[in-house]
Amino acid sequence: MGSRRVLGNDPFQRGAAERTPATSPASDVPEQPSAASPRGTGASTERNAGSAAKRPTPSRRPAARPRKSPPRAEPSPAPGPVPASGAPAVAAAPPPPAPPAPPPLEPGAPTLTWTPAEAPPRELDRAAEGTEAAVTPATASLFEVLREAPGVLAEAWSALEAALRAIRAGLGTAGGEQLDVYGRDARLSEAVAPLLDFLYSRWFRVEVEGASHVPAGGALLVANHAGALPLDGPMLHEALRRERPELPEARWLAEDQVFYAPLLGTLFNRLGAVRASPDSATRLLAEGRPVLIFPEGIQGIGKPFRDRYRLQRFGRGGFVKLALRTRRPILPVAIMGAEETLPLLGKLPGGLLGVPYLPVTPLGPLPLPAKWRIRIGEPIAVPPGATETDLSVVESLVDATRNTIEHMLRALLGARGGVFLG
Amino acid sequence: MGQERGSSLRVAITGPTSEFGAVLLPKLLAEPRIEQLLTFGPRPVSGARLVHHRVDLTRWDVESELEGALSAAPVDVLYHLAFLHGRTRGAAFAHELEVIGTLHTLAAAVRAGVRHVVVPSTTAVYGARAGNPVLLGEDAPLHGCPGSRFVTDRVEVERQLMAFRRDHPGVGLTVFRFAPVLGPTVDNPATRYFRRPLVPTLLGFDPLWQAIHEEDARELLLRVLDGPVSGTFNVVGDDVLPLSSIIRLAGTRPLPLPPPLARATLRALNSAGITATPGALLDYLHYSWVADGTRARTTLAFRPRFGTREAAASVRS
């Protein structure tokens, strides 16, 4: 949805103007009215507007970092020129979302966009308002940070509480009474939302392009897989929830090694992971859900850090057979940032815990704040008449998907300023 | 079948004191449509219109005994409920009773011209495995639990029933694969598990479970009298819950143990003779085994009154 991408929510017009083109996919624009009008969307729009507005300041870092943020934002319109494969439309018409976006410097307006933040920052808000027009951009950024600090801290605190709740769920003692047959616990997902919010909009500052490509009625989103602990599933899931709230809730397929890992597998299952198997995927697609697939499986998350962004074998093409059988389109997805979030430095034997290995990462299970970008490419249509037994069709579709993801990844990486700054 | 004959149903039960026998017998005794109720079991039961035959299904000559009793007058429905539900008196005895006992009963039923046979089974026969689909349909393979005699025997019974269905199409056969049956009075491994003050579970795992309330199980078994429908049906409560929720709802608390520790402890207790729970059964605490109850819902119009949640809560008391 374009409407809340509006980084114009950024009270600082300067930042808004620069960033909008980079992030709001123009292709989202037509969606805007339809997506924004139906019931329910309002809430999520507002909520996301809040997070989007806060996004520019990555976590609670010293002023030095955000100060750099304007210059860093400038190169990012560059992703525009990466029409490599699927995303020419994305770069085409960035301005449309912008006009409603930058609610300029009228004192009242920004306050509105700030409502989702915690109460204290609001007063600070107004205080800063008067001064900001007069001060230099750099000082303004400093203000921005200071003003946000209490809100961010509060957010971090609730994220921490949510994390404890998540661990409890993972340990298998928390229960939950609102489960669907796949094992997703709607209430737990709500309880863990602050953590996901924090990771998504603060820690990884996820930016999504091409979410409008996801059709209604079920589709296979096929993405690269990375990170010693695969956070790409939940993040892509969260991205669709925010960008396309009108679609049925997506599910991601988890490889057995993750799905049956103690704690992590249990937690992921409660949050929406489904064990990867053709029958579960078929069932999910029949329900009209977007299904998130990581065909590299354990090879993707088990590769050493030096092999980052090097796509592994795409399984045995099961996702293509699934697409051919269900006649649903394949959408290639490139995810940048997951590799550096939990780089795999080594493996310890994990037999005692019942896992194939214990990943060694810089901060243990804590993710590094790498900047994430997710690009969803255009649907790869399934050739009419082809069946899953036609191995050459299967192979060529696997290759096409893989190549598209590869191209999109290269484009994203080429446009990236820095691992953490993006 | 029953309706047109009014109050002239002849019904037989093996194992009137077993898990399902105890659930069903009082209702059958109160059922006006039943003209005569034959019971076969080691312990005596009594009631109006009830004829008890003291038999031991593990004896080699029990078949002719059963046949004689069953063929005195045509039996409309035979409930074969003689399965173990308490602590086993040894694996060999369990095997004799469940597998060989079923063999005898089915053979006698065929020879005596019984019209319809009803056998309760369990969704545990699918096995709790990493490769399980989201929902196990009735046609899913019966992997069982190779390390557990209890489950293996039930899988073997299922195979006999499949062969019986194939070889004797003239005899109706209904197999109900029940999710763990929970309720205030029922006594089976599941209710005993949930009645512990501390229920051991595996740390880091919380598999999806289902349950069915004893009232619903009884209701479904009784409904066979209205007009039996042959087939195999999963019988499950409407919702799916994580094991830890069922434990809580049952009014007790989970005791999560690290899986290697749990397995080692169980092995030690078993070899010391304190428990007789095969470690393989821990799979049911590890992996999800969720059966698809759609067929019973569509074919039999079975609408359980209680969900898994209510069934779990009914264990408390």
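This is a predicted model: local features need pLDDT of at least 70, side-chain atom pairs count only at pLDDT 80 or more; totals for chains, interfaces and linings use all residues.
Residues are numbered from 1 along each chain as its sequence is written, and chains are lettered from A in the order in which they are written.

**View 1. Helices H14 and H16 of chain A pack against each other.** H14 (residues 278-286) and H16 (residues 318-326) of chain A have axes 11 Å apart and meet at an angle of about 40 degrees, where axes are lines fitted to C-alpha atoms, for helices over the stretch in contact, and angles run from 0 to 180 degrees between N-to-C directions. The helices are DSSP runs of H or I with at least four residues, and strands are runs of E with at least two, numbered from the N terminus. H14(A) and H16(A) are therefore oblique to each other, a word kept for angles that are not under 35 degrees (roughly parallel), over 145 (roughly antiparallel) or 65 to 115 (roughly perpendicular). Pro278(A), Ala281(A), Thr282(A) and Leu285(A) of H14(A) make the contact with Gly318(A), Leu322(A) and Thr326(A) of H16(A), contact being defined by C-beta atoms, placed from the backbone, that lie within 7 Å.

**View 2. An open sheet in chain A has seven strands.** The strands follow the order S1-S9-S6-S2-S5-S3-S4 (chain A), with mixed pairing; two strands pair if DSSP finds at least two bridges between them. Strand S1 (207-209) and strand S4 (273-275) of chain A stand at the edges, each with a single partner strand, so one side of each has no neighbour in the sheet. Within chain A, S3 (residues 251-254) and S5 (residues 290-293) pair in the parallel sense over two bridges, and Trp252(A) has Leu292(A) in S5(A) as its bridge partner.

**View 3. Arg205(A) has a positive phi.** Its phi is near 45 degrees, in a residue other than glycine, and Arg205(A) lies in the loop between helix H10 (186-203) and S1 of chain A. Arg205(A) is buried, with 25 other C-beta atoms within 10 Å; a residue counts as buried at 20 or more such atoms, as exposed at 12 or fewer, and as partly exposed in between, with C-beta atoms placed from the backbone.

**View 4. Helix H1 of chain B has buried residues that pack against strands and a helix.** The buried residues of H1 (residues 19-29) of chain B are Glu19(B), Phe20(B), Gly21(B), Val23(B), Leu24(B), Leu25(B) and Leu28(B). They pack against strand S1 (9-14), strand S2 (34-41), strand S4 (77-80), strand S5 (116-122) and helix H6 (214-223) of chain B.

**View 5. Arg49(B) has a positive phi in a loop of chain B.** The phi of Arg49(B), a residue other than glycine, is near 60 degrees, and the loop in question runs between S2 and strand S3 (50-54) of chain B. Arg49(B) is partly exposed, with 15 other C-beta atoms within 10 Å.

**View 6. Chains A and B are in contact.** The contact takes 24 residues from chain B and 24 residues from chain A. On the side of chain B that touches chain A, H7(B) gives the most, with three residues.

Key:
Two residues are in contact if their C-beta atoms, placed from the backbone, lie within 7 Å.
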